[in-house]
Amino acid sequence: MHLYLSAGYEERSVVPHRYKTHSVGYRRVDMVDHSMGSVHTGIGICRLEPDGYVDLHIHANEKGIYVLEGKLEMKHGLESFRLSIDDYALIPYGVAHAFRNRGNKAVRWFEVQAPQPKPAGGWQDTFFVGDAAWPERVENADFGSPLTQFAGHFDEKTRGQSKPFGPTTYRFLHKEFGAQQLTLMRGELSGGGTCDLGDHAVEESYLVVSGEVDLEMEGKMYHLCPGDVAWTGVGASHAFFNRGSAPVRWIETQA
């Protein structure tokens, strides 16, 4: 089982279930969820307008975020810090967190959760827990501080070791970082490179950041451009073919 979404899906963003009375200026579009055949993960892109916020809340699942645009202030347990483009953060089970945007431009971030968030109705797994009690000043995250345990920054210079004509991956949200149910990484395939047909015992998703690539999924070929999304279910065969001269780069998840 697989899924392909062409760029433009963010026009369908809405205020998520239960957030209507606990946020201002916040919207999310679900790219992968139960309605599309996934059973392990929920993936979306969130947007927070200037002066917007999301109240303090907890989940009964893990969440990983990756900032795509703007500056996002985040309260994470007892910490408060600011994230910028290519910064990421892991929010473990039951950790209270809140977001706000005090800039003059919208903030956008990629978000993955596992186990999969519950749909509206029935059991719930998101709970709002009161006032965020922000400090007077919120500074940029200090990734060199031992107090900043669950956040980091992706840098092209520190990505994983290159493989000739094959994919390069840089894994940053994984078990060594504290994640138990998901992996978040950046990937790159050089011009002319291929990633041979294979499958996995996990669900995977890919959000193209730059470049173009042909992706074969279960015998069907798709041409992916920046903003396009693909998802492969457990056991779904897939392969990548970069037929151009420029590298293709993406954000990837596993759950």
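Q: Which strand supplies the largest share of the lining of the largest pocket?

A: Strands are DSSP runs of E with at least two residues, numbered from the N terminus, while helices are runs of H or I with at least four. Here β2 gives the largest share of that lining, five residues. The model is predicted: local features need pLDDT of at least 70, side-chain atom pairs count only at pLDDT 80 or more, and totals for chains, interfaces and linings use all residues. Residues are numbered from 1 along each chain as its sequence is written, and side-chain values use heavy atoms, without hydrogens and water.

Q: How many residues line the largest pocket, and which are the closest to its centre?

A: On a 1 Å grid over the protein atoms alone, a pocket is an open set of points with protein on both sides within 12 Å along at least five of seven lines, and lining residues have an atom within 4 Å of a point. A volume is the space filled by probe spheres set on the points, which are joined across faces, edges and corners. The largest pocket holds about 490 Å³ of space. It is lined by 24 residues, and P16, H17, D30, P117 and K118 are the closest to its centre. At least two lining residues come from each of β2, β3 (42-59) and β9 (107-114).

Q: What is the make-up of this lining by class?

A: Ala, Val, Leu, Ile, Met, Phe, Trp, Tyr, Cys and Pro count as nonpolar, Asp, Glu, Lys and Arg as charged, and the others, Gly among them, as polar. The lining has nine nonpolar, eight charged and seven polar residues.

Q: In what order do the six strands of the open sheet stand?

A: Two strands pair if DSSP finds at least two bridges between them. The order is β1-β18-β15-β20-β13-β12, with antiparallel pairing. Because β1 (2-5) and β12 (167-173) each have a single partner strand, one side of each lacks a neighbour in the sheet. Six bridges join β12 and β13 in the antiparallel sense, and R171 has M185 in β13 as its bridge partner.

Q: Is T183 buried or exposed?

A: Buried means under 20% relative accessible area, exposed over 50%, and partly exposed in between, with a 1.4 Å probe and protein chains only. T183 has 11% relative accessibility and therefore counts as buried. This residue lies in β13 (residues 183-189). Leaving out residues up to four places away in sequence, T183 touches R171, L173, H174, E252, T253 and Q254, where contact means heavy atoms within 4.5 Å.

How values were computed: 1 Å grid on protein atoms, 1.4 Å probe; cavity = no way out; pocket = protein on both sides within 12 Å on 5 of 7 lines; lining within 4 Å.
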